[in-house]
Amino acid sequence: MTVKVQLFIDGTWVDASDGGTLDLVNPSNYELIGQIAVATDADIDRALASAKAGFDIWRKVSAWDRAAILRRAAGLIEQRKEDMALRLTAEQGKPIAEARSELSRSAEIFVWCASEAIRSYGRVYPQRVRSGRQLTVKEPVGPVAAFTPWNFPVVLSCRKLAAALGAGCSIILNPPNEAPSAVAGIVQCLKDARLPPGVVTFLTGNPAQLSERQVNAPEISKVSLTGSIRVGKLLSQMAGAQLKPVTMELGGHAPVVVFEDTDIERAAALTAGFKYRNAGQVCLGVSRIFVQDSIFDGFYTAFAKHVEALKMGNGMDPATTMGPMANERRVEAMERIVADAVERGAKVTHGGKRRNDGCYFEPTLIRDLPDDSLLMTEEPFGPVAPIVSFKTYDEVIARANALPYGLAAYAFTGSLKTATDIADDFEAGWIGINEFTPSLAEAPFCGFKDSGLGAEGGPEGFDAYLKTKFISQLAV
Ligand code: NAD
């Protein structure tokens, strides 16, 4: 299977104006699987002009008609799911079942945003004078520049596409160079759902060039990124200099706290299942596992059983439960993190090594490591799980909240009091108690601290593409 990923500008798929391309590589075997276009400055400028023209058309389309197009796109995503899931696994590596589920969740987001589009109500105020009306209406913010990462390239792109389009914005989507072709399939669904030209644009190429030119362009009214904290700060600074609003969904380092009053086997099974999903490349994923000392050994043994049962391999094989990492950079990062843990006296009881027939890193389990190790302080974004012990509630909540990240946090406990208190005390925007909930179309997702700015998903995420206008009128 080889693909050619072009740019989508003004309703048409085109090559880069100078013919430039980058290779697309399958991380499970290093095979060349396609080429992607590298947009030039001239292509970006054409995209900006088209997004501006597209906005002028789209903002005048009624909310009901916008919703109809989003629902048609959702139907097409469901119909074409298998083809896009195969592309996603080929270029990103995740097991095919996970790719199918990502596509289904993407279709769901379009359905939900279609419904939200027709509920973007304003407000009418009690009359101050006879024959007067005072009201607020919601309007789309304008053309959006959106940037998405490679770990969930489809669903994270759809969160931005569906909300921006539902709100009446045009959008230039910049998907990740490592995994753009399934996202291109989504854009094709929107085209086939009869979205007018210029309303959605799709650009690949040099990330710094793409973002700098778009964020600084007068045509762009809003910037939305899902990505690393480093790039989030960079784009926020650029946007801030122009007073453009941003939505930033950035990195995390989620703790899970396992109390002694929980069902150990259940907590271990759920935590291990969640930890190694997408080879650990999940922003909401668990990356620090704190277990109360009285149950530490039992939990560790139960967790290890699940690590031993994982089958690492090519995501196209239905028996595979953990695929490769998405690229070589992540494999090298895992080697660095594990080497640092070993240097600090930690014990690697499972995995810890790369495999050289693709971007593979073994599912890894580590114990006895200090809280200031790399693994416990820097977002690992990979299949390496540290399990450490704690004694008291106060101690563990301080350790769990100690980092500048605040994306997600989880706990397992049989006590209603502990569950309630810890949900209040965690400094994070996404909390799971006795479960790990994947992100939902209807629920907002807001990183605290360095993990983000603003919300994505749910009514809050939809609202981020709207601005409020106050109108006062008097009949004379
Ligand atoms: P990244 O920040 O390197 O890239 C994200 C996107 O930004 C890419 O499409 C990239 O091309 C683009 N980009 C724009 N300007 C750029 C520039 N100047 N330099 C580099 N890239 C630029 O992130 P990544 O490595 O692709 O993704 C992993 C990160 O994303 C992790 O930190 C992870 O936690 C985070 N993430 C967050 C969420 C969330 O919802 N909070 C979800 C998934 C991933």
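A quick word on the ground rules. This is a predicted model, where local features need pLDDT of at least 70, side-chain atom pairs count only at pLDDT 80 or more, and totals for chains, interfaces and linings use all residues. Residues are numbered from 1 along each chain as its sequence is written, and side-chain values use heavy atoms, with hydrogens and water left out.

Let's start with the domains. The assignment gives domain 1 (3-250 + 450-474) and domain 2 (254-440); such bounds come from an automatic or database domain assignment. In the contact between them, 24 residues come from domain 1 and 32 residues from domain 2, with contact meaning heavy atoms within 4.5 Å. Taken over C-alpha atoms, the centres of the two domains are 31 Å apart.

Next, the core. The largest nonpolar core holds 100 residues, and F110, F303 and Y410 have the most contacts inside it. Both domain 1 and domain 2 give at least three residues to this core. By nonpolar core I mean buried Ala, Val, Leu, Ile, Met, Phe, Trp, Tyr and Cys residues joined through side-chain atoms within 4.5 Å. Buried is under 20% relative accessible area, exposed is over 50%, and partly exposed is in between, with a 1.4 Å probe and protein chains only. What does F303 touch, not counting residues up to four places away in sequence? Its partners are A268, T271, A272, K275, Y276, I289, L365, A385 and I387.

Now a helix I like, α13, residues 393-400, where V396, I397, R399 and A400 are buried. Those buried residues fall within an arc of 160° seen down the axis, so they line one face of the helix; the arc is that of the directions from the helix axis to the C-beta atoms. They pack against β13 (254-258), β14 (286-292), β19 (384-390) and α14 (416-425). Helices (H or I, at least four residues) and strands (E, at least two) are DSSP runs, numbered from the N terminus.

V396, in α13, counts as buried at 0% relative accessibility. Leaving aside neighbours within four places in sequence, V396 is in contact with V257, F259, F290 and F390. Over in strand β14 sits V291, also buried, with a relative accessible area of 0%. With the neighbours within four places left aside, V291 contacts V258, F296, F299, I387, V388, S389 and F390.

Finally, the spaces. The largest pocket has about 1,200 Å³ of space.

Among the lining residues are R105, F152, R277 and F445.

For the terms: on a 1 Å grid over the protein atoms alone, a cavity is a set of points where a 1.4 Å probe fits but cannot get out, a pocket is an open set with protein on both sides within 12 Å along at least five of seven lines, and lining residues have an atom within 4 Å of a point. Grid points are joined across faces, edges and corners, and a volume is the space filled by probe spheres set on the points.
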